[in-house]
Amino acid sequence: RQDAVVFDENIHASMKEGIRASAAKRFRARHNDLEDFRHQLAKVRETGARRLLIAVESVYSMDGDLAPVDELSALAPMHDAMLVVDEAHATGIFGARGRGCAGHLPQDRVVSVHTCGKALGVAGALICASAPIADYLINRARPFVYSTAPPPLTAALVHRALQLIDEEPWRRARLRQLASSAHDALCPETQFRGTQIIPVILGDAGRTLAVASVLQRAGFDVRAVRPPTVRDGTSRLRISIHADHSENEITALAGALRLAMATA
């Protein structure tokens, strides 16, 4: 109850719900704005908070942009803060050996959370932290303590998926190449963020739904994302590239998108 969380305004809804469920004070920082993070951290210190947490996503799920984790990691000790990084869309893809964007940061002030249900293709999640933090969570985190343990099969599948990340680095290289090609084909007028998440922002929610419907009828599993998931006026098609996609599939999707936008 004496703690506080400074969080990026664009973090995933699940993180926001976790913050609301805690008794800590909440301070919102503008998206990827280091100066505003500094301002919020200084403001928190003035409230006399005991512990500070900085909460971000490494790869933001709706825009596909990257958090400045190195800069935030350097900022954290200046305010005696801990950095919590949601690596859901970076696990298996970014960082050395696919260990995420924060995988190279010192663990004494970093906690990273990795989903096993995206690039790893299984289910569940992993928390990476220093041994004292891990021990604390095992013994005091009520949602973990009072949850049913995952079956051994799930643990074995996750273990094998982590091995494959090490054994087959070509998958990561192929994904980056495909993502770049997909961006150039789908929305070349926007800046490529360097990730596999490519938003095609159409603005109007109704038109976005109509375009998505046309694409789905053409055989492409493309979904419309609209408020309240994103801000008013920023409805979009959220396209996520996989390493097993082909250049031909991306070219076909681009053609179907042009047709859908012309007719919807």
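Guide: A salt bridge is counted when a side-chain nitrogen of Lys or Arg is within 4 Å of a carboxyl oxygen of Asp or Glu. Arg193 and Asp65 form such a pair, at 3.4 Å from N to O. Arg193 is in the loop between helix 7 (170–186) and strand 7 (197–203), and Asp65 in the loop between strand 3 and helix 3 (69–75), so the bridge ties together parts 128 residues apart in sequence. Helices (H or I, at least four residues) and strands (E, at least two) are DSSP runs, numbered from the N terminus.
This is a predicted model: local features need pLDDT of at least 70, side-chain atom pairs count only at pLDDT 80 or more, and totals for chains, interfaces and linings use all residues. Residues are numbered from 1 along each chain as its sequence is written, and side-chain values use heavy atoms, with hydrogens and water left out.

Visitor: How many salt bridges does a search of the whole structure find?

Guide: The search finds 15. Among them, Arg97 meets Asp166 at 2.9 Å, N to O. Arg97 lies in the loop between strand 4 and strand 5 and Asp166 in helix 6, so parts 69 residues apart in sequence are tied together. Arg97 has a relative accessible area of 48% and Asp166 one of 33%; Arg97 is partly exposed, and Asp166 is partly exposed.

Visitor: What deserves attention in the backbone?

Guide: Most residues other than glycine have a negative phi, and most peptide bonds are trans. Arg97, although not a glycine, has a positive phi of about 60°. Asn32 also has a positive value, near 55°, and is found in the loop between strand 2 (25–29) and helix 2 (34–46). The peptide bond between Pro227 and Pro228 is cis, with omega about 10°; Pro228 belongs to the loop between strand 8 (223–225) and strand 9 (235–240).

Visitor: How many disulfides are found?

Guide: A disulfide is a covalent bond between the sulfur atoms of two cysteines. Here the criterion is a pair of cysteine sulfur atoms within 2.5 Å, and the search of the whole structure finds zero. For Cys101, the nearest cysteine sulfur is that of Cys128, 13 Å away.

Visitor: How is empty space read?

Guide: Rolling a probe the size of a water molecule over the atoms shows where empty space is left. On a 1 Å grid over the protein atoms alone, a pocket is an open set of points with protein on both sides within 12 Å along at least five of seven lines, and a cavity is a set where a 1.4 Å probe fits but cannot get out; lining residues have an atom within 4 Å of a point. Grid points are joined across faces, edges and corners, and a volume is the space filled by probe spheres set on the points. The largest pocket has a volume of about 2,400 Å³. Of its 48 lining residues, the closest to the centre are Val111, Ile127, Leu137, Ala141 and Pro143. Helix 4 gives the most to this lining, with seven residues.

Notes. Buried means under 20% relative accessible area, exposed over 50%, partly exposed in between (1.4 Å probe, protein chains only).
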